[in-house]
2 protein chains.
Amino acid sequence: AQKLSGGIGSKLCGMLVHSKQVECGREWGCRLRKSQNVSAADFFPDLLPAMDGDIKTMTFLQEVVDILLAYVVESFDRETKVIDFHYPNELLQLNNWELRDQPATLDDILISCRATLKYAIKTAHPRYFNQLSTGLDMVGLAADWLTSTANTNMFTYEVAPVFVLLEYVTLKKMREIIGWPDGRGDGIFSPGGSISNMYAMLLARFKMFPEVKEKGMSSVPRLVAFTSEHSHFSIKKGAAALGIGTESVICIKADESGKMIPADLERRILEAKQKGFVPFFVSATAGTTVYGAFDPLVAISDICTKYKIWMHVDGAWGGSLLMSRRHRWKLDGVERANSVTWNPHKMMSVPLQCSALLVREEGLMQNCNQMHACYLFQQDKHYDLSYDTGDKALQCGRHVDIFKLWLMWRAKGTIGFEAQIDKCLELSEYLYNKIKGREGYEMVFDGKPQHTNVCFWYLPPGIRYMEDKEERKKHLHKVAPVIKARMMEYGTTMVSYQPQGDKVNFFRMVISNPGATYEDIDFLIEEIERLGQDL
Amino acid sequence: AQKLSGGIGSKLCGMLVHSKQVECGREWGCRLRKSQNVSAADFFPDLLPAMDGDIKTMTFLQEVVDILLAYVVESFDRETKVIDFHYPNELLQLNNWELRDQPATLDDILISCRATLKYAIKTAHPRYFNQLSTGLDMVGLAADWLTSTANTNMFTYEVAPVFVLLEYVTLKKMREIIGWPDGRGDGIFSPGGSISNMYAMLLARFKMFPEVKEKGMSSVPRLVAFTSEHSHFSIKKGAAALGIGTESVICIKADESGKMIPADLERRILEAKQKGFVPFFVSATAGTTVYGAFDPLVAISDICTKYKIWMHVDGAWGGSLLMSRRHRWKLDGVERANSVTWNPHKMMSVPLQCSALLVREEGLMQNCNQMHACYLFQQDKHYDLSYDTGDKALQCGRHVDIFKLWLMWRAKGTIGFEAQIDKCLELSEYLYNKIKGREGYEMVFDGKPQHTNVCFWYLPPGIRYMEDKEERKKHLHKVAPVIKARMMEYGTTMVSYQPQGDKVNFFRMVISNPGATYEDIDFLIEEIERLGQDL
């Protein structure tokens, strides 16, 4: 019999050691030794809910917390690697990640926690610039730990009284900030910006053709949606899912800096109408993913008003600039939108995920999505049913994403969010100014970036003066991927790159971590030059 | 100037106290006092990433953890209330939940955490039976805390190397358990069973008519889906969203115990075909929400094979019985399904949310959903791109839901999950046997429940012998809501109730918390009788 030290399942294992083991064949669809004498009713691990499990539980959780606290402190330390990178097949070998039939010991669980963090990306690291969501807010983290501990669901007031109220309070505040009178309207926290955008498209379609809910797309004329060629791919993904089809998403031209050209929007709307199609949805982007461009919302809303089209603003990335008195002018006109996506998990550093869809019209979400499930939304409950908001969601169970945002807002105040957003924008301006005229750099588009996105090419000395433009382009296309791969292997920093249209691979630097400093920007540039000079 | 104690934003506030304050009007869409002299670049709260913020951070997080540990221990204590219930308008008054412009102190943040937990439902409480997801697993909780701390995103291997591998390992294991050869196939963890079911419907449609992705529903004939009248409302919600329409979801009759009647399914398929519609999707339910019934999967799969229809199994609730050698026969035939929804956050007590969609055909999800966003899924990366699974999702950013399931599986082994599932089923059998012949109880359907759902009416003495059946029914309909309201006011226990079809309000007891005992079942019955005897 195998030796088993104390910990989870040790009592069970104690029984197993003495029980007769037989082959169970394919009963679990996999090889397993069957223990005939296990009585489930007798089974308890040593942690809670086991009798007298509280001391052991607190010791175990405290040990995990100690591991986590050490990781947090280490993550902010510039002397630490952003990542200890290994290729997938290597990583599979570095630890035993397999799932087994038999229980493990508590020590093994702690070892697994340490291994998981050892090979994780330190997303809080001040030199991790790879995604739109970076950094780690300590109050947000505390709030997320509390959320896990409360372990409940957003569908009814009954099971999430506080969280439902906090969602109500926070959505109202966000609508006030958008500029809707008295913060009136509706909204929901959804699992990410793509789903928020899909909600908006769903609402726009339902608003124009409510019969679509029962009768489907065969009951309506051909619908077309419009968004800029620089917009997020979720608009097309949403159209594919909703049965609208990606060909019915018309991509509007953007200018050099990535903003939608309103005249092209109007032209394409007219063109669609002439073909007998029905324009129902315009998604303007406030902060495009790559360039960080803000579409001209006032001009777009004039067009939407003129042609009676639902105006959505995808502010997943740029919506948070509404918190900044210095930068919110970039979203002028947002108050005229019918719906707004705004992801506090990006520029406001709220832990993942936290995405809101805000809707101007009250009651529409409910009508669009409700199915009256009587086992959840009983109409004869003893409290105000308007707080049972679950039926307006596409989801049934919905994760509590509100508490981390709410608690951070309490901690910082609106003014604290503003300060950290302004700071990130100052850092990106610093980067822009630093490389704009620097030898070996070319900007992807002219002019000061509107968000924290700074898009640029780094040209290693060897190709700076290449005469053959095609040859140079071909070479340049390979530079960013190699530098990025080296960054990851050294683990010193991480930044994103991509091609766009006919532009070869360029770096897209974004800053959303308020822990980054001018020195970190300097470091990034030095690192790019160090890793790229021989290319 | 206001007095501000140390903590978050105290340095900022220090500055503010001395700065000139002016009205900013509607700049934030709400009243706010503008501080002209705030320099964002100077702003740092005292916690990390502030210089030397580590001691303060660790102290703060430890204080939060102490609050959480106390809450955990209290949650398992039967002497504690399940809920300290207050009506929404009362709860709004009991604490200051408002969001402010100014920062709070750390002390205020701790007070907010305590208040939030004070009024929360103790979902770990052994007498909380209200939802399909109950209980709190200590290893799952630890894993969720680690997930929050790692704060990353599932879209690429680059930003979530370990989690992406663990998702791969776990999905494969789940497919093996379903019975697909060598665990081959595909899958994803999604934000809940409704979204998993929607994915399945999306895949079924794409498989039959791949052109729908580009051309939308106008390019395809009228599609119809089939599911039992007892199935979850997410099937209709999904059909509404995907542009199929709720009228194209045909509800198949269920027998007395809630199982779909295969003969009725075949009849309705033929009827639909005669009308020229195209049957594309059958969703069989393994564990219905209210009765816990398992549709006969073998008979249904025969029909699906015969008519070449995608067979989906919604095992959100019942899928976990596959982990039990004693109960997995209830899902016989599941290996013939094209897709399976399985929510480990229900019967396996994984913290919310953790829902998987498993798909038999490899590559289909990718083809169905991919949009090739080049800023995320660069094709010239230095590692094996098959681990960049983000493009097969409807979401862009995707929360890490895998680690809690994986770590729990390590801790318990397959055998530990089996034991806890078997135990919950034993408890429900105990409840069923206890009340089956007891005076004052009527079962909603005959026979032993197949899952842990026990559906019953409690008849207070005053109506037990009422002769007027209509009058009795009317009276009985009001009994469960009143008892439930009283349970919540006393905070002693919570159980769900609902009407179904022509059946008036009845209790639906479910057990998914392995911390519950026979004594808790006895307590529930005593409590129902104590609170309901005067009705």
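This is a predicted model: local features need pLDDT of at least 70, side-chain atom pairs count only at pLDDT 80 or more; totals for chains, interfaces and linings use all residues.
Residues are numbered from 1 along each chain as its sequence is written, chains are lettered from A and ligands numbered from 1 in the order in which they are written, and side-chain values use heavy atoms, with hydrogens and water left out.

The partner of Phe445(B) is Tyr291(B): their ring centres are 4.6 Å apart and the planes meet at 25°, so the pair is stacked. Rings of Phe, Tyr and Trp (its six-membered ring) pair if their centres lie within 6.5 Å, with planes under 30 degrees apart counted as stacked, over 60 as edge-to-face and the rest as tilted. Tyr291(B) is buried as well, because its relative accessibility is 2%. This pair links distant parts of the chain, 154 residues apart: Tyr291(B) belongs to the loop between strand E7 (278–285) and helix H11 (297–307) of chain B, and Phe445(B) to the loop between strand E11 (441–443) and strand E12 (454–458) of chain B. Helices (H or I, at least four residues) and strands (E, at least two) are DSSP runs, numbered from the N terminus.

Over all chains, the search finds 39 aromatic pairs. One aromatic cluster brings together Phe85(A), Tyr87(A), Tyr157(B), Tyr168(B), Tyr383(B) and Tyr387(B). Charges meet rings too: the charged end of Arg222(A) sits over the ring of Phe277(A), 4.3 Å from its centre, and Arg127(B) lies over the face of Phe523(B), at 3.9 Å from the ring centre. The rule asks for NZ of Lys or CZ of Arg within 6 Å of the ring centre and within 35 degrees of the ring normal.

Now to the interface. Here 183 residues of chain A are in contact with 183 residues of chain B, contact being heavy atoms within 4.5 Å. About 15900 Å² is buried between chain A and chain B, with carbon and sulfur atoms giving 66%; this is the accessible area (1.4 Å probe) that two parts lose on being put together, summed over both. Eight salt bridges cross the interface, each a side-chain nitrogen of Lys or Arg within 4 Å of a carboxyl oxygen of Asp or Glu. One salt bridge joins Lys484(B) and Glu158(A) at 2.5 Å, N to O. Helix H13 (residues 402–436) of chain A supplies the largest share of the side of chain A that touches chain B, with 17 residues.

Finally, a look at the backbone. Most residues other than glycine have a negative phi, and most peptide bonds are trans. The peptide bond from Leu48(A) to Pro49(A) is cis, with omega near 10°, and Pro49(A) lies in the loop between strand E2 (33–35) and helix H2 (54–75) of chain A. In chain B, the bond from Leu352(B) to Gln353(B) is cis, with omega near -10°. Asn151(A), not a glycine, has a positive phi of about 40° and is buried, with a relative accessible area of 9%. Ser349(A), also not a glycine, has a positive phi of about 60°, and its relative accessible area of 3% makes it buried.

Notes. Buried means under 20% relative accessible area, exposed over 50%, partly exposed in between (1.4 Å probe, protein chains only).
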